[in-house]
Amino acid sequence: MVNGKKLYVSASPHLRSTVTTRRIMLDVILALMPALIASAVLFGPRTLLVTAVSVATAILSEYAARKIMKRSATIGDLSAIVTGLLVAFNLPATIPLWIAAVGSFFAIVVVKQFFGGIGQNFANPAIVARIVLLLSFGAQMTNWVEPFTWKTTPVTGATPLALLGTDESLPSLLQLFLGEHGGCLGETCAAALLLGGLYLLLRRVISPIIPCSFIGTVALLMLLKGHGDLHFVAYELLSGGLLLGAIFMATDYSTSPLNSKARLIFGIGCGLLTCVMRLFASMAEGVSFAILIMNLLVPFLERLTAPKPFGTPKKEKKEKKEAAKA
Amino acid sequence: MAKARLDGVLTAVKKVRGGVKVAHHKNTAELEVVRIPTPSTVVIPMQQHIGAPCTPTVKVGDTVAVGQLIGDSDKFVSAPIHASVSGTVKAVGDVKLPNGVMSKAVTIESDGEMRLWEGVQPPVVNTREEFLAAVRASGLVGLGGAGFPTHVKLNVPPDKHIDTLVVNAAECEPFITVDYRECMENSWDILSGVYTIKEFLDIKNVVIAVEDNKPEAFHVLKRIADNEHDPDDEVRLMVLESKYPQGAEKMMVQSATGRRVPPGKLPADVGCIVMNVASVAFIARYLKTGKPLVSRSLTVDGSAIAEPKNVRVPVGTNIGDIIDFCGGFKAEPAKILTGGPMMGLAIVGTDLPVLKQNNAILAFAKDDAVIKPEHDCIRCGRCVAACPMSLMPTRIADAAKMRDVETLQRVGVTVCMECGSCAFACPAGKPLVQHMRLAKAILREEASK
């Protein structure tokens, strides 16, 4: 009490950094903007409509779900907007709007809120939404359009990854880099995605470990598969959802490991599974499934690689390991 | 700091993991320590150290003088208490300490003369034992904030060979500048203290550590390290990156020697002693004058303090009196701390005595006192990256909330020094240090079952 007024008393520390959940999410939203703009240029203004529907559904479902479950309102942390954007980025530009809404609803309500909301979900909401929509609405989910035609009805069928290995003509590397090829609306423009990733790294929102180990593993394995053909490697890296997945989805806080060592294994695992699916499975694309499977392994990775408390003697570490085995 | 100026200066052998960049706020760095006018009354608690409380050796009505023993204990881990003003003992009773614990205390009404007790004589010190006895008699406790009795720290069992003394002038807590002022104003005492301790305890190497945000102190300490007393260059200066909690004891040992103090062990177990720079200087002054620890320097700062100052105050001075001396409040205080903002204690009012180990009084107006609201953990891993002790704070917090004893025993929460880096870094505003304390309390409770 000073002059009859009570003082705040709280546990130390009494200083806090200015980083907040909302600022982090805002940074992610900003980092996704180049890819959104690129999608509008490449596939026409309908991409913006799809994105708007997806984001609006995400916000509304989060608000409604929290309300119905009698929990605190969380739309202010902006994480629902990130999820909405990522769901939209995983859809083709021609997608019926109601399917986009279903995807967002599923991501927010079933994957995120049913498990307790932000930080509690064990799988990436946007990834699960993509997989669910792909399995449920296979045809609509693969209706790609040619870039710059701005058509709303599908005209052509294949993405570069599907074309790879066929005799049809492939887009050039430059076209791939700039996103001038078929694909989901947010995943095609490598330049925009890399720009966003760079921003996130500079703002220290994400650590480089997961994107680097993920992309690096894919590059290495594709180099081996292609017998050193760098053109083939570049092709694999720039096409499909690899960059979107490695930079924006695999780095999702809730569903990636807390510590560096586990993050490295997580990234390598994502890369490995992506290659296995791209090369051996019947699907053209494996990024989503790779990330989903690694999401499920996060608790185990964290437990296996948990940092040892400062000063734990080396010998004791070995003994503990042996004890854990026994 | 420019590379050229680093000639002959050590850098960290092994860099500290994690930590956080905290704004320094060293606003009072260039303000000389000023002596506060003698307070009318002082309240001197019998528990100003880690260990057994002292028993008062004076009774109401006794006349006491500065430096006179007023409390002592026969326990080893304890430090005697001395009168900090001359005058009459008004009361011997219980008071509440800043941390809420009750302690016996001696209240002395000052006669304003600050008369020195006739028993204050320079001690005769020729051997290690006499030196340790003198340190105990001085009542010295770690002045960096922990308050561990120094004679206990220095009395290392013979089976543990100490080869390095680390003198800690890092002062990594924001706002506090008293150690810096010690370097600038009492450099001779530091020099003398360093070589005295080195000689009596037969320690080969001395590393004086300072953060790179204090270039002036660097020059002073460099001259101490390059002194002619030290022909074999056994005393070296080490410059550390300004990063919190660079000045923590275990971090200091790691930076200076590359050794890691194992969980539950002390620096002495890896051959090191870490001492605060002000404690080192005090030992030199005590050996010269025999005047025990009866006053100390404090940084008084924060957005609610009218005239921030570095002040020297008698132990037991009322915190309210000190704030009044610093011009009172310029804004309504919403939070008052003893110690720094990272590890300091929020106090409930100003009617509390200053203890030996207090190094700052900080008062903040409302805007700086309200911490960000708490949200759900987003698992960003910032707390894991920030923890200098390689813990996973968010996991520990979850386990503590669920009283999951099995997990808590596995995750090593006992090495947590409550530095606050995790909570500082947390974007969700989690009071992680509070959770760490809860986790430790659960383990203690479990152990006592």
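This is a predicted model: local features need pLDDT of at least 70, side-chain atom pairs count only at pLDDT 80 or more; totals for chains, interfaces and linings use all residues.
Visitor: How is chain B divided up?
Guide: Into three pieces by the domain assignment: domain 1 is 3-29 + 135-289, domain 2 is 33-120 + 292-368, and domain 3 is 382-447.

Visitor: What separates the centres of domain 1 and domain 2 of chain B?
Guide: Taken over C-alpha atoms, the two centres sit 25 Å apart. The contact draws on 35 residues of domain 1 of chain B and 39 residues of domain 2 of chain B.

Visitor: And what area do domain 1 and domain 2 of chain B bury between them?
Guide: About 2700 Å², with 62% of that on carbon and sulfur atoms.

Visitor: Which residues in domain 1 of chain B lose the most area there?
Guide: Arg136(B), Phe175(B) and Val178(B), which together make up 21% of what the domain 1 side buries against domain 2 of chain B.

Visitor: Which helix gives the most to the domain 1 side?
Guide: H7(B), with four residues. Helices H1 (128-137), H2 (150-154), H3 (178-185) and H7 (277-289) of chain B each supply at least two residues to that side. By class, the domain 1 side has 17 nonpolar, 13 polar and five charged residues.

Visitor: Switching to the chains. How many residues does the contact take from chain A and from chain B?
Guide: 42 residues from chain A and 65 residues from chain B. The area buried between the two chains is about 4400 Å², and carbon and sulfur atoms give 59% of it.

Visitor: How many salt bridges cross the interface of chain A and chain B?
Guide: Three salt bridges. Arg395(B) forms a salt bridge with Glu302(A), with the closest N and O atoms 3.8 Å apart.

Visitor: Which helix gives the largest share of the chain A side?
Guide: H14(A), with three residues. Helix H1 (21-43) and helix H14 (287-305) of chain A each supply at least two residues. The chain A side has 21 nonpolar, 13 polar and eight charged residues.

Technical notes. Residues are numbered from 1 along each chain as its sequence is written. Chains are lettered from A and ligands numbered from 1 in the order in which they are written. Side-chain values use heavy atoms; hydrogens and water are left out. Domain bounds come from an automatic or database domain assignment. Contact means heavy atoms within 4.5 Å. Buried area is the accessible area (1.4 Å probe) that two parts lose on being put together, summed over both. Ala, Val, Leu, Ile, Met, Phe, Trp, Tyr, Cys and Pro count as nonpolar, Asp, Glu, Lys and Arg as charged, and the others, Gly among them, as polar. A salt bridge is a side-chain nitrogen of Lys or Arg within 4 Å of a carboxyl oxygen of Asp or Glu.
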